[in-house]
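Dear colleague,

Please find below the structure for your review. My findings are set out after it.

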Amino acid sequence: MRIFVTGASGFIGSAVVRELLEGGHEVAGLVRSKEAAERLEAAGTRAVRGSIENTELLRREAAQADAVVHTAFYHKFSHAGLPAKLRIMLGGSPARTPARFMAAAVETELRAIEAFGAVLSGRSGALVIAMPTMTLTPGRLAAEDDRGDASSIGGGRVASENALLALAGSGVRASLVRLPPIVYGTGDRGGLLPSLIRSARSKGAGAYIGQGANRWPAVHRLDAARLFKLAAEQAPAGSRLHAVGEEGVPFRHIAEAIARQANLPSKQIHKEEAGSYFGWLGPFAATDNPVSSTLTRERYGWSPVERDLMAEMEHGDYFAGSSPR
């Protein structure tokens, strides 16, 4: 298959590209920088320089592909183009800047989905999109057939999920792969786990809220990449797949492991303190997000084979230079 991958130089996207190449597919990858393009080309991938804001470019590349795997999203302000940055910064009260950023990111994602759908419609092209598990209803074990919950902590992106699945009725083999808040592995610099580690080092303790019993699912990036490949190859229209290796690791266990590996104490804090400890991650750090991947494993024969989160934190490169107590 000819497959176009957005976010091809990212932590997850780069693993997806490698997996697709190893599976014998012809891959083109969207990247923003010259350096990223050179790395892709050296690995045997056709590099496409540009932004997901450029819908004309997205349509052109989708027209040449049998499938699109869309992993790109504006996780950082720097990812947005100048017009979006101006709207975010100058569009109203400074207190609403994070909300405007998320709205701009989702708007960009919706335009990308529309662009891909317009080209893939009617020719059974596959469109696979990454979606966070934090879009699911908190506090109960979520399954693949559950729809996104607009009132969830990640509910802003449910509009993208709905737009994607609506394409399933127009000849697009549309599917989504839900990713846990912690996608881990070697080379992770911008994910949520490094953010938690930086918070702990900054505050001098690995913190958890209340009893820390709220759960976060997790998956190794290489296991997740294998599932994106399966989705592009096999997933029927309208499918939801869960790239979940561990259903729910108690947040306290994560905080204590960070503390242990960083040679810090662990600490219980009140919910009201979450913002000062975790910054923008505060509301997420209190969310209970257990997620099942049972149906994904049964339907696609997918089974995680990489080491689990705790083993990665102990033996991986997250704490290079630290001396555990």
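The notes that follow move from the overall fold to the aromatic side chains.

Please bear in mind that this is a predicted model. The protein contains 13 helices and 12 strands. Its radius of gyration is 19 Å, which agrees with the value near 20 Å that a compact globule of 325 residues would have. Along the principal axes, the C-alpha atoms fill a box of roughly 55 × 50 × 40 Å. Of the 325 residues, 52% count as buried. Among contacts between residues at least 6 apart in sequence, 76% join residues at least 24 apart.

The accessible surface comes to about 13,800 Å², with 51% of it belonging to carbon and sulfur atoms. There are 38 positive and 33 negative side chains, and the centres of these two sets lie 5 Å apart.

Four aromatic pairs are present in the structure. In one of them, the ring centres of Phe4 and Phe116 are 6.3 Å apart and the planes stand at 65°; as this angle is over 60 degrees, the pair is edge-to-face. Phe4 belongs to strand β1 (residues 2-6) and Phe116 to helix α5 (residues 97-120), so the pair ties together parts 112 residues apart in sequence. Phe4 is buried at 1% relative accessible area, and Phe116 is buried at 0%.

Phe251 and Phe278 also form an edge-to-face pair, with 5.9 Å between centres and 90° between planes. This pair links helix α9 (residues 251-261), which holds Phe251, to helix α10 (residues 274-278), which holds Phe278; the two residues are 27 apart. Both Phe251 and Phe278 are buried, and together with Trp216 they form one aromatic cluster.

Yours sincerely

Key: Residues numbered from 1 in each chain as written. Predicted model: local features only at pLDDT ≥ 70, side-chain atom pairs only at ≥ 80, totals over all residues. Heavy atoms only, no water. Helix = DSSP H or I, 4+ residues; strand = E, 2+ residues; numbered from the N terminus. Rg over C-alpha atoms; globule rule 2.2 N^0.38 Å. Buried < 20%, exposed > 50% of the residue type's maximum accessible area, 1.4 Å probe, protein only. Contact = heavy atoms within 4.5 Å. Areas by Shrake-Rupley, 256 points an atom, 1.4 Å probe, with all protein chains shown as cover. Lys, Arg positive; Asp, Glu negative; His and termini not counted. Charge placed at Lys NZ, Arg CZ, Asp CG, Glu CD. Phe/Tyr/Trp six-rings, centres within 6.5 Å; stacked < 30°, edge-to-face > 60°.
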